Amino acid sequence: MNVALCPGSYDPVTVGHLDIITRCSAMFDDLVVGVVDDSFRKTSLFTTDERVFFLEESTKHLPNVRVMVLKGLVVTLAREVGAHVLVKGLRAVTDFEYEFQMAQLNRKLDPDLETMYLMASPEYSFLSSSGVQEIAKYGGGISDLVPEVVE
Ligand code: ADP
């Protein structure tokens, strides 16, 4: 079984995340979406349960995708679910520096775990959860940016 793990905060999941998850699910037998737990991310707008629910609802048409809570190191969850690959989305050069550092640290922790990057689709390359939060806070429309359950 080829298993991949897509870790993130998904606060909330956007159509940009879903684009990466959908493309990734077509390449692996099994895809685990790891949602960073509240206890590791005290500034979340949505609780862990809410973020997991939004992802479960918006990926239920993808049979090989399951959503799990990420309570510790990404490498630990990867080992638990038998994933040999981490898959992340890359939007712009601004994502690169952080992702480069994370990939090197994770490689140090588990040299057998590869990190792969999918380039964001151009129509979503501007889209972030924090941007969606900001727009919604001031009453802007977010229907094109998030799945219906989040809106
Ligand atoms: P953020 O809070 O930056 O929106 P997360 O931590 O929830 O993102 O992201 C999980 C993964 O999804 C990361 O690899 C991130 O780069 C990727 N990602 C987030 N938004 C997009 C997008 N619009 N297109 C492609 N990848 C994305």
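Modeller: What follows is a chat about the ligand site, the backbone, the core, the salt bridges and the surface.
Modeller: Some ground rules: this is a predicted model, so local features need pLDDT of at least 70 and side-chain atom pairs count only at pLDDT 80 or more, while totals for chains, interfaces and linings use all residues. Residues are numbered from 1 along each chain as its sequence is written, and side-chain values use heavy atoms, with hydrogens and water left out.

Colleague: Okay, which residues come nearest to the ligand?
Modeller: Tyr 10, Gly 89, Arg 91, Tyr 124 and Leu 127 come nearest, out of 17 residues around the ligand. A residue is near here if one of its heavy atoms lies within 4 Å of the molecule.

Colleague: And what is 2.6 Å from an oxygen atom of the ligand?
Modeller: That's a backbone N or O atom of Gly 89. We call it a polar contact, a pair of N or O atoms within 3.5 Å; within protein, one must be able to donate a hydrogen and the other to accept it, and residues adjacent in sequence count only if both atoms are side-chain atoms. Leu 127 also uses a backbone N or O atom, 3.0 Å from a nitrogen atom of the ligand. Ser 9 uses an N or O atom in its side chain, 3.1 Å from a ligand oxygen.

Colleague: How much of the ligand's accessible area does the protein cover?
Modeller: The protein covers 86% of the 540 Å² that the ligand has on its own. Accessible areas come from the Shrake-Rupley method with a 1.4 Å probe; for residues, only the protein chains shown count as cover.

Colleague: Back to Tyr 10. What is its phi?
Modeller: Tyr 10 has a positive phi of about 50 degrees, and it is not a glycine. Most residues other than glycine have a negative phi, and most peptide bonds are trans. Tyr 10 sits in the loop between β1 and α1. Helices (H or I, at least four residues) and strands (E, at least two) are DSSP runs, numbered from the N terminus.

Colleague: Which peptide bond is cis?
Modeller: The one from Asp 11 to Pro 12, with omega near 0 degrees. Pro 12 is in the loop between β1 (3–8) and α1 (15–25).

Colleague: Is Tyr 10 buried or exposed?
Modeller: Tyr 10 counts as buried because its relative accessibility is 5%. The cut-offs are under 20% relative accessible area for buried, over 50% for exposed, and partly exposed in between (1.4 Å probe, protein chains only).

Colleague: What about the largest nonpolar core, how many residues does it have?
Modeller: It has 29 residues, and those with the most contacts inside it include Tyr 10, Val 13 and Ile 21. The elements that give two or more residues to this core are β1, α1, β2 (30–36), α2 (48–58), β3 (65–70) and β4 (85–90). α1 gives the most, with five. A nonpolar core means a set of buried Ala, Val, Leu, Ile, Met, Phe, Trp, Tyr and Cys residues joined through side-chain atoms within 4.5 Å.

Colleague: Switching to charges. How many salt bridges does the structure hold?
Modeller: Nine, each being a side-chain nitrogen of Lys or Arg within 4 Å of a carboxyl oxygen of Asp or Glu. One of them joins Arg 23 and Asp 19, with the closest N and O atoms 3.0 Å apart.

Colleague: How far apart are those two in helix α1?
Modeller: Arg 23 and Asp 19 are four residues apart in helix α1, so about one helical turn separates them. Arg 23 is partly exposed at 30% relative accessibility, whereas Asp 19 is buried at 16%.

Colleague: Which pair links distant parts of the chain?
Modeller: Lys 71 and Asp 37, whose side chains meet in a salt bridge at 3.9 Å, N to O. They are 34 residues apart, with Lys 71 in the loop between β3 and α3 (74–81) and Asp 37 in the loop between β2 and α2. Lys 71 is exposed at 54%, but Asp 37 is buried at 11%.

Colleague: Last one: which residues make the nonpolar surface patch?
Modeller: Val 93, Phe 96 and Phe 100, giving about 340 Å². Patches are made of residues with over 30% relative accessible area and no salt bridge: like charges are joined within 9 Å, nonpolar side chains (Val, Leu, Ile, Met, Phe, Trp, Tyr) within 5 Å. Val 93 is in helix α4 (residues 93–109) and counts as exposed because its relative accessibility is 73%.
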